[in-house]
Amino acid sequence: MQNNNATGTGLALDGAAAVTGQAWRDAWRQQARQHPWMTAGLALSMAAVTLMLISGIADGLSGGGEPLRLATLGGLAGFAATALGALAGIALGRISARMEDSLLGFAAGMMLAASSFSLILPGLAAAREMTGNGAAGALIVVAGLALGVLLMLGLDRFTPHEHDSTGPCGPGCERIGRVGLFVLAITLHNLPEGMAIGVSFARGELDVGLPLTSAIALQDIPEGLAVVMALRAAGVGAWRAVLMAGASGLMEPLGALFGVGIAGGLAVAYPIGLGLAAGAMIFVVSHEVIPETHRNGHQTPATLGLMAGFAVMMFLDTALG
């Protein structure tokens with residue numbers, strides 16, 4: 001009799017899991033029907049990225065193991081900086097919303113400058129060298145920018161997460177707690193940063209990858225701090241908030257491996273990959289970071305922070321590049 005009850009319970013759990021899985025699939029299908037062009041854009045970007053990744057793996061990553069090693073170290077530096085910022089959140093206890101928005105503005109400025117100086121400009125130079133024509137080279141980088149925007153736009157639409165300004169969004173978001181949705185949002189935010197690090201080291205060139213990695217690591221510190229503050233405001237315990245913020249930073253080394261893979265194959269994959277990473281980062285800054293810094297009415301300090309971050313990154317690129 002006891003065995004029958006256990007079996008019945010197992011069947012009930014399996015049925016509940018099946019219902020839950022079916023509900024997720026139905027939610028995704030509904031989103032796809034409601035946003036056909038966004039679905040097509042995500043499919044196109046995923047197909048292009050998959051082909052580039054297959055090419056990079058097949059070619060064994062041009063430059064041997066050095067790009068892979070540098071990308072891994074760069075991604076781990078981003079993760080370590082995020083964890084450091086999270087620990088600082090425990091030490092500081094609490095900072096004002098004005099200061100938090102200023103720090104996020106600083107991070108946004110560094111991301112914008114990194115996209116321009118460490119991704120788009122090297123991409124244009126590589127594409128021009130490959131094609132022998134400036135206009136054709138620019139079109140290649142623009143194609144990469146478009147793929148990056150399509151990828152992040154699709155992931156933003158089809159991944160359940162939460163923004164303070166818009167609330168829960170994405171298919172199945174009602175089945176995930178607020179804290180889980182917030183962590184997913186930060187994970188999406190960290191993906192393009194990791195990809196950018198990996199792409200910048202795809203040729204094993206320190207003059208491209210080092211300034212970018214330094215900039216991303218620096219801006220990851222205030223980001224980690226902001227994540228811990230937000231999690232604690234949502235009622236998460238201090239050390240649990242640190243662990244969750246650190247876990248979100250793990251997307252950077254994973255993204256770096258992905259980035260070096262997509263840009264390490266065909267010659268044209270390098271400038272396209274640089275453009276893709278730049279497009280993804282600019283999308284995140286415009287779609288998430290800047291609106292968040294303006295949400296509490298601190299537009300001026302946030303903008304001043306953005307300009308300061310842009311200037312610091314421009315200096316780093318000149319000094320280290």
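**Close-up views of a predicted model**

R295 is partly exposed, with 39% relative accessible area. The model shown in these views is predicted.

**View 1. A salt bridge joins E292 and R295.** The side chains of E292 and R295 meet here. Their N to O distance is 3.1 Å. The salt bridges counted in the model come to two. The other view of such a pair follows.

**View 2. R69 and E66 pair within helix 3.** Both residues belong to helix 3. They sit three residues apart, about one turn of the helix. R69 is partly exposed, at 43% relative accessible area. E66 is also partly exposed, at 34% relative accessibility.

**View 3. A nonpolar patch lies on the surface.** The patch is made of L68, L254 and L257. Together these residues have about 250 Å² of accessible area. L68 belongs to helix 3, which covers residues 66-92. The relative accessible area of L68 is 35%, so L68 counts as partly exposed.

**View 4. G85 is a buried residue of helix 3.** G85 lies in helix 3. Its relative accessible area is 0%, so G85 is buried. Leaving aside residues up to four places away in sequence, G85 touches I221, G224 and L225. L218 is 133 residues from G85 along the chain. Even so, the C-alpha atoms of G85 and L218 are separated by 9.6 Å.

**View 5. E100 is buried in helix 4.** This residue is found in helix 4. Buried means under 20% relative accessible area. E100 has 19%, so E100 counts as buried. Residues up to four places away in sequence are again left out of the contacts, and E100 touches I95, A226 and M229.

View 6. Helix 11 runs over residues 299-320 and has 22 residues. At 1.5 Å a residue, helix 11 should span 32 Å. The end C-alpha atoms are 31 Å apart, which agrees. The buried residues of helix 11 are P301, A302, G305, L306, G309, M313, L316 and D317. Seen down the helix axis, these fall within an arc of 145°, so they line one face of helix 11.

View 7. The buried residues of helix 11 pack against helix 4 (97-131), helix 7 (206-233) and helix 10 (269-294). The face turned away from the buried side of helix 11 carries exposed residues. These are T300, L304, F315 and T318.

How values were computed: Residues numbered from 1 in each chain as written. Predicted model: local features only at pLDDT ≥ 70, side-chain atom pairs only at ≥ 80, totals over all residues. Heavy atoms only, no water. Helix = DSSP H or I, 4+ residues; strand = E, 2+ residues; numbered from the N terminus. Expected span 1.5 Å × (residues − 1). Buried < 20%, exposed > 50% of the residue type's maximum accessible area, 1.4 Å probe, protein only. Arc of directions from axis to C-beta. Contact = heavy atoms within 4.5 Å. Patch = residues over 30% accessible without salt bridge, like charges linked within 9 Å, V, L, I, M, F, W, Y side chains within 5 Å. Areas by Shrake-Rupley, 256 points an atom, 1.4 Å probe, with all protein chains shown as cover. Salt bridge = Lys/Arg side-chain N within 4 Å of Asp/Glu carboxyl O.
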